[in-house]
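Me: I would like to learn how to read a few features of a protein model. Please give the general idea each time, then the case at hand.

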Amino acid sequence: MVTDEKVVYGTEDLLTSLCDSVTRVLNIATQSTVHYSAMVQRITKVGLKPDIGCFVLFDGGFTGLVVLNFGKDTAMELYERYMLHMGMPKSELAGSHTSDEVSNILGELMNQIVGDFTGKIRRELQTNITQNQPKMLVLTKQVMLNVDTPLDRPEMRRVSFYTEKNNVFYLELAIDRTEFIRLHEFDAMEAPDPDELMDMDHSSPSSDSSSAASQEDNDELLKSLGM
């Protein structure tokens, strides 16, 4: 039986896909169980909140801003589990969430999360989005963000996540209202192995020049956000 009903993929579907990327990457990277609430909040502003806020902008097929906000206990739990899984002795781990190492690891994890998400967008929606390098800030107070991008009809959501120790962190998404409508059937590309992606990420060379360029990009992005 032939049906003319079109499959529509909207904001909540994009949000669910993003949340699934968060749990997928963190569960593998930390070898623990992270899950998210079945309830989502509609919000009117997106912001960075203490103790560590991380954000990334994406553009292309659609435009948006993703924020992850971690309390210090949550940040330390994820950092420690990740480093121990990578074989680092517990005695050599950072002892405070204000350590640059903690921010760097959370930034690396967010980069993997958004990379997983953008890969799914290419495979499942047949469009492309690009991302900037995630920015991590250790905060003592809340900072609101204004997205300097053409969001004509912005929609904003907040989702609560829970770690294995029941620590909480939050994902906030600001995105232009959009819908993807499937015109005809197609076969989605095969998803890459997440362990291979992590291995590739660790094997990527780094240099002082790239670090300097990243700092310049960071300063420019913060300036564009009015910070």
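Me: Which residues have the most contacts inside the largest nonpolar core, and how many residues does that core have?

Reply: This is a predicted model, in which local features need pLDDT of at least 70, side-chain atom pairs count only at pLDDT 80 or more, and totals for chains, interfaces and linings use all residues. Residues are numbered from 1 along each chain as its sequence is written, and side-chain values use heavy atoms, leaving out hydrogens and water. A nonpolar core is a set of buried Ala, Val, Leu, Ile, Met, Phe, Trp, Tyr and Cys residues joined through side-chain atoms within 4.5 Å. Buried means under 20% relative accessible area, exposed over 50%, and partly exposed in between (1.4 Å probe, protein chains only). Here the largest core has 45 residues, and Phe62, Leu106, Phe169 and Leu171 have the most contacts inside it.

Me: Which element gives the largest share of this core?

Reply: Helices (H or I, at least four residues) and strands (E, at least two) are DSSP runs, numbered from the N terminus. The largest share, 10 residues, comes from α3. Elements that each supply at least two residues include α1 (11-30), β5 (52-60) and α3 (100-125). A second, separate core has 11 residues, among them Val46 and Leu137.

Me: What does phenylalanine 62 contact, leaving aside its neighbours within four places in sequence?

Reply: Contact means heavy atoms within 4.5 Å. On that basis phenylalanine 62 touches Leu14, Phe117, Ile121, Ile129, Ile175 and Phe180.

Me: How many disulfides does a search of the whole structure find?

Reply: A disulfide is a covalent bond between the sulfur atoms of two cysteines. The search criterion is a pair of cysteine sulfur atoms within 2.5 Å, and it finds zero. Cysteine 19 is buried, at 2% relative accessible area, and cysteine 54 is buried too, at 0%.

Me: Where is the peptide bond that is cis, and which residues other than glycine have a positive phi?

Reply: Most residues other than glycine have a negative phi, and most peptide bonds are trans. The bond from proline 50 to aspartate 51 is cis, with omega near 10°; aspartate 51 sits in the loop between β4 (46-48) and β5. Glutamine 126 has phi near 55° and lies in the loop between α3 and β7 (129-131). Glutamine 126 counts as exposed because its relative accessibility is 54%. Asparagine 166 has phi near 65° and lies in the loop between β10 and β11. Its relative accessibility is 56%, so asparagine 166 also counts as exposed.
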